[in-house]
Structure formats: structure tokens, C-alpha cells
Amino acid sequence: MIIKKAEFFAAFGTNKQLPASVKPEVVFSGRSNVGKSSLINKLCNRKNLARVSGEPGKTGTINFYTVNDFYIVDLPGYGFAKVSDKERQRWDKLINSYFETGRGINLVVQLIDCRREPSNDDYMMLEYLSHHNIPFIIALTKGDKLNKTQQNAAVEQFKEYCRGYSWSDVILTSVPKNIGIDTLSSTIEGFLGE
Ligand SMILES: Nc1nc2c(ncn2[C@@H]2O[C@H](COP(=O)(O)OP(=O)(O)O)[C@@H](O)[C@H]2O)c(=O)[nH]1
Ligand SMILES: [Mg+2]
């Protein structure tokens with residue numbers, strides 16, 4: 001996929017602010033600090049499109065980026081321990097209304113750290129996506145933290161973890177080592193039907 005255009009569109013903190021769905025959307029989902037912003041920047045070949053955070057749990061908004069003729073949607077990260085109940089409820093409401101208002105969601109890229117077992121929140125997300133028949137793939141992040149043998153083992157292990165959910169691919173990625181980025185890009189392109 002050749003990126004001709006990639007720019008910030010808007011950030012939304014409440015369900016009422018969400019704009020009508022007017023373009024295909026490719027959604028990035030995962031726990032806080034998993035590497036969503038870094039992967040979005042890498043895919044779009046931009047340094048500071050999405051803000052990479054040194055402070056986990058900082059971004060509470062759904063961020064839209066206009067990329068070519070579609071949107072990349074960066075969901076607020078979940079699973080950050082210091083978040084209040086009230087903040088968690090806001091997150092739930094925002095995510096539910098995002099997914100349940102009939103948007104044109106072509107693909108969800110569900111990010112999971114390749115070195116960790118999926119968390120309960122990760123499993124809830126897989127369950128949710130499966131249940132709602134939303135097409136999704138797993139992108140394992142921070143692949144550079146493993147050697148080649150461990151990387152292959154991680155992919156196989158995650159296929160096992162994800163048995164029973166209707167995912168369609170597991171792709172290991174690394175931003176600094178440029179692993180899996182082209183594969184992820186062409187997979188997204190395939191789901192966009194371009
Ligand atoms: N080693 C390594 N670190 C990464 C990679 N991707 C992201 N990170 C680091 O993980 C931290 C969180 O990244 P960020 O993109 O802000 O995660 P987000 O909270 O999911 O958006 C930052 O310190 C990044 O530099 C990767 O592929 N490899
Ligand atoms: Mg982020």
C-alpha cells in the first residue's frame with residue numbers, strides 16, 4: 001500500500017462527538033503501551049502522526065487519521081491499572097458506541113505484545129470482535145525483543161491462544177527492526193478491497 005496522504009483528522013472523547021461513518025475504517029486496538037501509535041506511524045511512514053507516549057494510559061480519546069481514502073482509528077488503550085472506575089465506564093461506553101453504531105469497519109488490527117500472554121482484557125476484546133462478526137487480525141508487537149526462533153514460536157503460540165475466535169491472521173511486527181510492516185500493510189490493503 002502506497003501512502004499518499006496521512007494526517008490527523010480529529011480526537012473524540014465521548015460517544016456523542018463521534019462523526020458519521022463516511023469512509024472505510026481500519027481500527028487499531030490494544031492495551032495501553034502495546035505499541036499502537038508507533039505501529040500507526042511506521043505503517044504510514046510518518047514520525048509524529050500518532051503521539052508515542054512515554055506515559056501509559058494517557059490517551060483517553062478515539063483518534064482518527066485520514067490515510068489515503070480511509071481512516072485509521074486509534075482506540076484508547078485499555079488495561080491501565082491506574083484508571084478510575086468512572087474513566088473505565090467512559091471507555092466502555094465510548095468503545096461500545098463506536099462499534100455498535102453501524103460504522104464501515106473494514107478491519108480491526110488487535111495488537112498484543114509478543115512476549116506476553118493475552119490479558120483478560122485482550123480476551124474480552126477477541127470475544128467481543130468475534131461475537132460481533134467484526135473482521136480482525138492479530139498484530140504481535142515488539143518482535144525485536146525475541147530472537148527468530150522465539151518469534152516463530154510466539155506466532156504459533158498466539159494462533160493457539162486465539163483458537164475459537166474468528167480472527168484471520170497473526171502477524172509479528174517490530175517498529176525499530178521493520179519486521180512485518182509490509183505484510184501488515186498489504187493485509188490492510190486487502191481488507192480495504194483496493
Ligand atoms: N522495542 C520496541 N519498542 C516498541 C515497539 N513499538 C513501540 N515500542 C515502545 O513501546 C512504548 C509504547 O508505545 P506507543 O506506540 O506509545 O504505545 P500505545 O500506548 O499502544 O500507543 C514506547 O516506548 C515505544 O517506543 C517495537 O516494535 N519495539
Ligand atoms: Mg498511543
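Here are some notes on the fold, the sheet, the ligand shell and a few single residues.

1. Ground rules. This is a predicted model, in which local features need pLDDT of at least 70 and side-chain atom pairs count only at pLDDT 80 or more, while totals for chains, interfaces and linings use all residues. Residues are numbered from 1 along each chain as its sequence is written, and chains are lettered from A and ligands numbered from 1 in the order in which they are written.

2. Overall make-up. The protein chain has five helices and seven strands; these are DSSP runs numbered from the N terminus, with helices being H or I of at least four residues and strands E of at least two. Reading from the N terminus, the order is β-β-α-β-β-α-β-α-β-α-β-α.

3. Size and packing. The C-alpha trace spans about 45 × 40 × 35 Å along its principal axes. For 194 residues a compact globule would have a radius of gyration near 16 Å, and the chain agrees, with 16 Å. (That radius is taken over C-alpha atoms, and the globule rule is 2.2 Å times the number of residues to the power 0.38.) Buried residues make up 35% of the 194. Here a residue is buried if 20 or more other C-beta atoms lie within 10 Å of its own, exposed if 12 or fewer, and partly exposed in between, with C-beta atoms placed from the backbone. Of the contacts with a separation of 6 or more, 74% are between residues 24 or more positions apart; a contact means C-beta atoms, placed from the backbone, within 7 Å.

4. The sheet. Seven strands form an open sheet in the order E1-E3-E4-E2-E5-E6-E7, with mixed pairing. Strands E1 (6-12) and E7 (170-172) stand at the edges with a single partner strand each, so one side of each has no neighbour in the sheet. From one strand to the next the twist averages 25°. Two strands count as paired if DSSP finds at least two bridges between them.

5. The antiparallel pair. E1 and E3 pair in the antiparallel sense, over six bridges. One example to look at is Ala 11, whose bridge partner in E3 is Asn 63.

6. Around E2. This strand is mostly covered, with five of its six residues buried. E2 pairs with E4 in the parallel sense over four bridges, and Phe 28 has Asp 74 in E4 as its bridge partner. E2 also runs parallel to E5, joined by six bridges. Glu 25 has Ile 105 of E5 as its bridge partner, and Val 26 stands opposite Leu 107 in E5.

7. E5 and onward. E5 is mostly covered too, with eight of its nine residues buried. Six bridges join E5 to E6, and the two run parallel; Val 109 has Ile 137 in E6 as its bridge partner. Helix H5 (residues 181-192) lies across E2 (25-30), E4 (70-74), E5 (105-113), E6 (136-141) and E7, running at about 155° to E5. For that angle, axes are lines fitted to C-alpha atoms, for helices over the stretch in contact, and angles run from 0 to 180 degrees between N-to-C directions.

8. Ligand 1. There are 18 residues around ligand 1, and Gly 35, Lys 36, Ser 37, Ser 38 and Val 175 come nearest. A residue is near a molecule or strand if its C-beta atom, placed from the backbone, lies within 6 Å of it. Helix H1 (residues 36-44) gives the most to this shell, with three residues. By class the shell has four nonpolar, ten polar and four charged residues. (Nonpolar covers Ala, Val, Leu, Ile, Met, Phe, Trp, Tyr, Cys and Pro; charged covers Asp, Glu, Lys and Arg; the others, Gly among them, count as polar.)

9. Thr 61. This residue lies in the loop between H1 and strand E3 (62-67). With 15 C-beta neighbours inside 10 Å, Thr 61 counts as partly exposed. Leaving out residues up to four places away in sequence, Thr 61 touches Ala 11, Phe 12, Gly 13 and Pro 76.

10. Two positive phi values. Lys 142 has phi near 60°, positive in a residue other than glycine, and lies in the loop between E6 and helix H4 (148-161). Lys 142 counts as buried, with 23 C-beta neighbours inside 10 Å. Asn 178 has phi near 55°, also a positive value in a residue other than glycine; its place is the loop between E7 and H5. Asn 178 is exposed, with 11 other C-beta atoms within 10 Å.

Terms used. Contact = placed C-beta atoms within 7 Å.
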